[in-house]
Amino acid sequence: MARPSVRRATAVAAVLALVAAGCSDPATPPAAAPTPIGPVSAAPAPPAGPSPVPARAGLGGRPGPSARPCTVFPADNVWHADVSRLPVHPRSAAMIGAIGGGATVHADFGSGRWEGAPIGIPVTVVPAGQRRVPVTFGYADESDPGPYPVPPDAAVEGGPDGTGDRHVIVWDRAACRVYELFDAHRSGAGWRAGSGAVFDLRSNRLRRAGWTSADAAGLSILAGLVRYDEVAAGRIDHAIRVTVPRTRTGWTWPATHSASSATDPALPQLGQRLRLKRSVDLSRLPRQARIVGEAMQRYGLVVADHGSAWFLSGAPDPRWDNDALHALGGLHGSDFEVVDAAGLMVSAGSGATG
C-alpha cells in the first residue's frame with residue numbers, strides 16, 4: 001500500500017491460484033440475517049478456567065449454544081443486495097473495456113499451496129477472550145487503533161515470508177467483529193501493519209469518508225471472500241471482491257476511499273458494482289464454479305482494490321476442487337456489465353439498502 005492518496009497496485013500472479021463496513025460502534029442486530037459462515041484457520045484459545053473455549057472452531061464451526069449468531073453484516077447490507085435487476089450504468093461498456101473485455105476470470109483461491117502458502121486470503125477465527133496485542137500502523141491517521149486480538153500464529157496471506165499484500169483477517173465470532181490488517185508483520189509482542197480496520201459485523205455503518213481499510217476501497221475484505229462452506233451449502237449470498245488494474249479518482253458507494261489520481265471517465269471507481277450478464281449460460285460449469293457464477297449474476301462483484309483484472313478473492317480450503325474453479329476461466333470481461341447501484345443507498349454513511 002502506498003500513501004492512502006496513491007495506493008499500490010496489487011497484482012497476484014499465482015498460476016495455480018484457483019482458487020462491510022463499520023468501525024467499532026454498537027449496532028442493532030438485524031431482524032433477518034444471511035446464513036452464518038464459518039473457518040480457514042483458527043487461533044489457539046487462551047486459558048479460560050476449567051472449561052476453556054475449543055481452540056479450532058474455524059469458519060465452518062458454530063458458536064456456543066448461548067452465543068448470538070454472527071453473520072457477516074446484516075441482511076439489508078449492500079453486500080447482500082440482489083443486483084440482478086438494477087439498471088446498467090451508462091458508461092458500462094467503457095469501464096468493462098478499461099478493466100479488460102478480453103481478460104478471463106480467475107478464482108484467486110483454492111486448495112493446496114502455491115509457493116509454500118495457501119491459495120487465497122486466509123481467515124483466522126479466534127475464541128472469546130483472545131488476548132489483545134498492540135498494533136502499530138504506517139497509516140495510523142486512517143486506521144482503527146489497537147490493541148487487536150491477533151494471535152502470534154495468525155495466518156498471513158502469502159505465508160509468513162510472503163511479499164505481497166500480507167493481509168491478516170481475524171474474526172472474533174463471539175464479539176461479531178472482524179479485524180483486518182494490510183501488510184501485517186510480527187513485531188515484538190504484537191504486530192505492525194500498513195493499515196487496519198475493525199468492522200462490527202452487526203452494523204451497517206461505513207468507515208469515515210476518505211478513510212482506507214485493509215483494502216483500497218475502505219471496505220471489509222471478509223465480506224467479499226468466497227468461502228467453501230457457502231458453496232458446499234449451495235449458495236453464496238453476497239457480492240464477491242474483485243481486483244482491477246486501474247481505477248479513477250474518487251469512489252462509488254459503499255467504498256469510502258480513493259486510490260488513484262486518474263480522471264479518465266472510462267475507468268471504474270473503487271466500490272463500483274459489476275454483474276455477470278443474465279444471458280451467460282452457467283449450466284455446464286462444474287458445481288463449485290456454477291455457484292460462484294450464480295452469485296456473480298445475482299449479487300455481482302465489488303471493485304475493492306488494484307490488481308490483476310477479474311481476480312476473484314476467496315478463502316483457502318483443502319476441500320476446493322481447483323479444476324472446477326479453473327473452469328471460471330471460461331468467462332471473460334465482456335460477459336460482465338457495470339450496474340448503477342445508487343438507488344440502493346439509504347445514507348452515504350451506511351451500507352444499509354432501501
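1. Let's start with Leu312. Setting aside neighbours within four places in sequence, Leu312 is in contact with Val105, His106, Ala107, Asp108, Phe109, Ile240, Arg241, Val242, Val292, Met296, Leu301 and Leu328 (contact means heavy atoms within 4.5 Å). Please keep in mind that this is a predicted model, in which local features need pLDDT of at least 70 and side-chain atom pairs count only at pLDDT 80 or more, while totals for chains, interfaces and linings use all residues. Residues are numbered from 1 along each chain as its sequence is written, and side-chain values use heavy atoms, with hydrogens and water left out.

2. Leu312 also belongs to the largest nonpolar core, which has 64 residues; Leu201, Met296, Leu301, Trp310, Leu312 and Leu328 touch the most other members. Helix H3 (residues 287–298) gives this core its largest share, five residues. Apart from it there is a second core of 16 residues, with Val133, Val168, Val170 and Val198 among them. A nonpolar core here is a set of buried Ala, Val, Leu, Ile, Met, Phe, Trp, Tyr and Cys residues joined through side-chain atoms within 4.5 Å; buried means under 20% relative accessible area, exposed over 50%, and partly exposed in between, with a 1.4 Å probe and protein chains only.

3. Now the sheet. Six strands form an open, mixed sheet in the order S2-S15-S12-S14-S13-S16. Strand S2 (106–108) and strand S16 (336–338) are the edges; each has a single partner strand, so one side of each lacks a neighbour in the sheet. From one strand to the next the twist averages 40°. Helices (H or I, at least four residues) and strands (E, at least two) are DSSP runs numbered from the N terminus, and two strands pair if DSSP finds at least two bridges between them.

4. Strand S12 deserves a look of its own. S12 (residues 240–244) pairs with S14 (residues 301–306) in the parallel sense over five bridges, with Ile240 opposite Leu301 and Arg241 partnered by Val302. With S15, S12 pairs in the antiparallel sense over two bridges, and there Thr243 has Phe311 as its bridge partner.

5. How many residues of S12 are buried? Five of the five are, so S12 is largely enclosed by the rest of the structure. Ile240, Val242 and Val244 point one way, Arg241 and Thr243 the other way.

6. Helix H1 (residues 92–99) lies across S12, strand S13 (273–276) and S16, at about 125° to S16. For these angles, axes are lines fitted to C-alpha atoms, for helices over the stretch in contact, and values run from 0 to 180 degrees between N-to-C directions.

7. Do check His167, in the loop between strand S6 (135–137) and strand S7 (168–172). His167 counts as buried because its relative accessibility is 0%. The His167 side chain makes a polar contact with the side chain of Glu157 at 2.7 Å and reaches the backbone oxygen of Ala214 at 2.9 Å. A polar contact is a pair of N or O atoms within 3.5 Å; within protein, one must be able to donate a hydrogen and the other to accept it, and residues adjacent in sequence count only if both atoms are side-chain atoms.
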